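Biologist: Could you take one part of this model and walk me through it slowly? I am new to reading structures, so please start with the wider setting and then zoom in.

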Amino acid sequence: MSNQAKSQFTRRNFLKASLAAATLAALPGTRRALAMQRESESGRKAARQAAKTIKVLALAWPSTATEQKLADETFTPDTGIKVELEALDYTFMEQRVKQLVSGKSDTYDIYHYDSQWLGGFVLGGALERLDTPDYLGNSKATIKFDDFHPEIAARLGRYPSVETALRTGKLDAMKDVPIYGLPWSLNCEVLWYRKDIIKNVPETWDDLRKLAKQVTTKDYYGMAFHANRAADYITVEYLPLLWAFGGDLWDAEKWIANGYINGAPAVKALEFMRDMWKVDKSVDPASGGWGFNERLNALLQGKTAMAQNWAPLFGNLPEDPKSSAVVGKIGYAVVPKGPGGRAAMFGCQGTGINANSKNKAEAWMYEQWLLSKDTQSALLKTLPAGFISSRKDLADEAAKTSEWHKAFVDSIPIIRDMWNNGDYAELLDICARQLNLGYIDKVPAKKALDDAATAQQVVYDSSPENPKNKKK
Amino acid sequence: MAETTAPFASAAPVPAAESRFERQIWWFPRILLIPTIVYLFVMTVFPLLYSLFISLFRTETGRPPVWIGLENYGKVLSGGEFWYAIGITLVLTVVAVTLEVLFGVGIALLLNQRLRGMGLFRLLVYLPMMVSPLVIGYFWRYMFDGTFGIINWVINSTIGGLLQLDPPQWLIDPVLAAIAIIVVDVWQWTPFVALLAAAGLNTIPPALYEAATLDRASRWMQFRRITLPFLVTPLLVAILFRSIDTIKIFDSVYILTGGGPGDYTATLSVLDYKVGFTYFRVGEAAAFSWLIVILINIVTTVILRLITRSRRARLYTA
């Protein structure tokens, strides 16, 4: 190569030429991509102008996928309103909604919420009031509050709750309480048991304890609890026992903890749970650290003969051979009773309209569609959705859907719930911490619950919803 | 053409052309810094100042914020849980960081050898610190499970089975739960310390080792008198970063134990998260966060002084 050619062909010139060539090569593609983006943006803009889109913040439950599918197939073609469901893990849902409410966000139009969150959401201004002429009070409304099972609807929709009315079923005391939501996805804890091991379902908790001890082998335990300190694991495990032994969390009228959370029935219930792993050896000691997944795993992998678990939400899982080693072997029954009666842990979700939404009319149309008989029936028939309706006119259909649906329907008269006021999270955290300490035997049960009562009383006394504080 | 004169030599005005150029020279770097400054202000300074502001209010769901001054700070400092959380956090930090330094130096010395397959080994060693702490928390939680976990399966299949011992309940016993958290932290972040230690090893002149060998210095003496002094500064830097991170530890603790059993492993960040995002007492959580910042600053100041001292010591002995 000549010296002149060499000087022309320098590294700098080579880089410049390469860059120019690459730019030229990319140009048509870039122009195409930009054109496509402009087209899709204008297309989306046109679609937005033509039809609204409503956004639903939903829990990552099995029913969410079915809800989206039905909305795409039925609601959107009928109304032209597009629906986007965003599923969020249960752990983060409550705080996400509270953050959205603090910022008066209109990102979502509808929130699906757990029963405990109702008070906090109402106080935070998250939910639109529905017992008004714009919604349930409208003569053209296609759904009515009376369409739903009264106690479930009252627990999920009316706030502030009147616990005595809910317990006794005398709901007249709540007829003027405002409505902020409607019942959506229903669950309660029922007794899951191995049909091949347990021939007679235990009637009482004492029967269950004896049976659990009898059937425990080196391959599996008789009973499983999830007693982890986090979330509501140990609390929802414990409450059916507490109520069955005649105890209660608090005096809901006077906002008092002492004598309730640490009363004799409460101590007895905690000692009962503790002694099942410690004395009887019929419960896995690892259960002190178990959350929902571990307890479910114990059931599906045949590591336990019995456990309380949610139905119908996860009722389909034991029948799935991909995840279950006990296909066809799980039976479902109402939870056992105790000296104080029988009570099943409430685990239902409601649905409500975001008070800051800019599409309230469309959101109301969606709620009416979602809670209509046809949609609820379609969801009910989709077994993997784990769904059951609270519509009274679907009660018979619900009970016939599956064994676990029937167990839920049979449990409706005995379902009870924990606090749903604005301070429930702190009350629940105290309860979980102390129950866990008593369950794993780090602290005697009585002391653990006495400490719970003391800590919870501070919360009750400072709560803005305490009637004593409201009068000030 | 104007003559170049010394600065301040006369009061004669600077020619216009030079002055414009000088102005450009002065402005241009500053303009380039603007995006960084804006980013720092928006992402760091403003949130810090805003959190300080909201820490002076009481926030309750459904009520407007109420000015209470330093009451939130008093409430946090007077709570027994806060001091317990400091204790458990410092214990986890000291133990975890010490083990990370010991193992990190060992791994760095190993990686410094010229052996076959060292590239692959290096990749495997550094892999843990590339994985999300949340993911690590989840799979270690299942590994530590008393019934389903592989750790207890190994124990039961070996020494536990032979001696007929009850399997340890890692996440239920307070001491074992703390050990589990330390194990996870050491597993994930020892490679980071090893990385810094390896960088320090690369700064050691080989001639020093040659001279020491010629003088018949033992391996241990070479390590003590040559290797260690060169590693002091990078190790102190590693200790600084790891201490800050471990004091703030959240993800792995939250997933592994949730602060349990009871609140035995509730570190400062886990407790702060609970106050802010479970109880939603945002003002109190902000005050809590500032107290954590102060603690981290105290620790950082101490370690930085040690780093400065060690660098001065090396300068004087060099």
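**A close look at one helix and its surroundings**

Modeller: Happy to! Let's begin where the two chains meet, keeping in mind that this is a predicted model. The contact draws 26 residues from chain A and 22 residues from chain B. On the chain A side, the elements that each supply two or more residues are α4 (90–102), α5 (118–123), α11 (292–300) and α16 (424–439). Of these, α16(A) gives the most, with 6 residues. Sorted by class, the side of chain A that touches chain B holds 8 nonpolar, 9 polar and 9 charged residues.

Now step back to chain A as a whole. Chain A contains 18 helices and 10 strands, and its C-alpha trace spans about 100 × 65 × 50 Å along its principal axes. Of the 472 residues in chain A, 48% are buried. If you take the contacts in chain A with a separation of 6 or more, 73% of them join residues 24 or more positions apart.

With that in mind, let's zoom in on helix α3 of chain A. Helix α3(A) runs over residues 62–79, which is 18 residues. From first C-alpha to last, α3(A) reaches 25 Å, close to the 26 Å expected at 1.5 Å a residue. Along the way, α3(A) bends by about 45° at A:A71. Which residues of α3(A) are buried? They are A:S63, A:E67, A:L70, A:A71 and A:F75.

Finally, here is a look at the nonpolar core. The largest one has 190 residues, and those touching the most other members are A:V190, A:M223, A:L270 and A:M306. Helix α8 (residues 174–201) of chain B gives the most to this core, with 13 residues. As for A:L270, leaving aside its neighbours within four places in sequence, this residue is in contact with A:Y238, A:L435, A:G438, A:Y439, A:A445 and A:L449.

Key. Residues are numbered from 1 along each chain as its sequence is written. Chains are lettered from A and ligands numbered from 1 in the order in which they are written. This is a predicted model: local features need pLDDT of at least 70, side-chain atom pairs count only at pLDDT 80 or more; totals for chains, interfaces and linings use all residues. Two residues are in contact if their C-beta atoms, placed from the backbone, lie within 7 Å. Helices (H or I, at least four residues) and strands (E, at least two) are DSSP runs, numbered from the N terminus. Ala, Val, Leu, Ile, Met, Phe, Trp, Tyr, Cys and Pro count as nonpolar, Asp, Glu, Lys and Arg as charged, and the others, Gly among them, as polar. The expected span of a helix is 1.5 Å times one less than its number of residues. The bend at a residue is the angle between axes fitted to the seven residues ending there and the seven starting there. A residue is buried if 20 or more other C-beta atoms lie within 10 Å of its own, exposed if 12 or fewer, and partly exposed in between; C-beta atoms are placed from the backbone. A nonpolar core is a set of buried Ala, Val, Leu, Ile, Met, Phe, Trp, Tyr and Cys residues joined through C-beta atoms within 7 Å.
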